[in-house]
Amino acid sequence: MRIHTTDSRGWTTSRKGRTRGRAVLLLFVLATLGGLFTSVTPPSASADDLSDAYAKQRALEKLISKQKASIGDLAASQAALSKEISSTKGDLRALNANIIVVRTQIVSMTVDLARSQNAVDELVATATQLDTQLLAVQAEEARKQKDLLDAKVLLASRIREAYDTDRTSILDTFLSSGDFTDVLTEVGYHLDFAEQDRLLAQQIAADQKVLQVLHNNVAIAKQQTDELHVLAAESKKTLDMQMSDLNDSRKLLVLLEAQTAKLLRAQQTAFAKMSRDKVALAKQLAASKAAQDQLEALINRLVKEQLAKGGIPSEYNGTLDWPMNGSITQEFGCTGFGMEPPLGNCPHFHTGIDIATAIYTPIRAAGNGKVIWAGRSPYDPAWIVIIAHSSRLVTWYAHIDNRSHPPRVRAGEYVAKGEVIAYEGMTGWTTGPHLHWAVQFDGKWANPRLFLPR
């Protein structure tokens, strides 16, 4: 239906025509006033939220990176410690463990185990810290998701309201206003309303970026937390096994120390009886030293004679083996045991290693060689076997039995490594049955352990 009116100039127009014309004018006004609201700065709160989210992400990544480095160090130290514990247990179960060395190893491993325990505790604490951070980030993500959803609902409502307003209220205001100032005021109100919608839309876009970073933080925290829990469990399992193995080593050491202490007490009791007569003891020490020197000189001469005849090689290729299994009652070197004669700067020096076990235990050649001496020493009551493995390497086996089980070899015979050459006894100046095993290298006493397989 068309409604015709006549203006002051006498022109007839329709209401629809007037509406279209005024709508064009309204669009022009809206476009003009809209230019006043361009280039609006986004809300600073969103920028701060995004920066905060990125800062939390960097802090999370830094914590994870640091923990990964410490995990690598922990894994390496645990692997080295496991190897050391295994080696120590092997030493304890092997022939003739060196109690002093093993005791030192166990003390060192106890310290290493304590460090490993601290590292595992730190790993567990970091995993727990990540658990807490994960919960916090998940809660923050949930809050931001709700805020974003609320903002979207609000914007949708305002858009619908703006649409209805543009279609009715603004048009009615424009058509009914007699003063253009009223139009500008009313349109300006609606333009402010649209600007708020634009800012709200910007806020939503910014919140979506923040939410994406928060979501990434959740993913990172969850993945790393799961991994750290697994690594912590594995490290704890390794730590528990190491503690158990170390406790086993301690028990073996205690048993070995008890066995050795028992043998030493018997020897010390015998020595105490002998040392009551200090004059006689001093004479005995001097006699023992003289006998040892004389026997050394004799053996050196015999070795040179055999070398001249071509009976022994100039060098020995290979290593030596333990001549028998038992408890070590004395190691090589300076000792506080008063029955040993002086040597160098030591008032009492033990030239070999004493191995104690059941009497008549077989004694085996430590390596291939030629027997230089087998029988009683010409200078004291001790019975002894001496084998030349080369012109430079000679092994001594002293205090062997001479009654029930005399030596199995004779001077001049060749023997193979592991061949039985004699039996444990207690001949000579000794406090109990044991084997005194000594090594001479280039004419000087050397620690037999240096020639054993590593």
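**View 1. Isoleucine 355 stands opposite leucine 435 in strand β13.** Strand β6 covers residues 352-356, and β13 covers residues 435-441. The two pair in the antiparallel sense over four bridges. Pairing here requires at least two DSSP bridges between two strands. Strands are DSSP runs of E with at least two residues, and helices are runs of H or I with at least four; both are numbered from the N terminus. This is a predicted model: local features need pLDDT of at least 70, side-chain atom pairs count only at pLDDT 80 or more, and totals for chains, interfaces and linings use all residues. Residues are numbered from 1 along each chain as its sequence is written, and side-chain values use heavy atoms, leaving out hydrogens and water.

**View 2. Glutamine 330 stands opposite aspartate 354 in β6.** Strand β3 spans residues 327-330. Three bridges join β3 to β6, and these strands run antiparallel.

**View 3. Strand β6 is mostly covered.** Five of its five residues are buried. Buried means under 20% relative accessible area, exposed means over 50%, and partly exposed lies in between (1.4 Å probe, protein chains only). Across the protein, 38% of the 454 residues count as buried.

**View 4. Methionine 426 lies in the loop between β12 and β13.** Strand β12 takes in residues 420-423. Why does methionine 426 count as partly exposed? Because its relative accessibility is 42%.

View 5. Of the contacts (heavy atoms within 4.5 Å) with a separation of 6 or more, 76% come from residues 24 or more positions apart.
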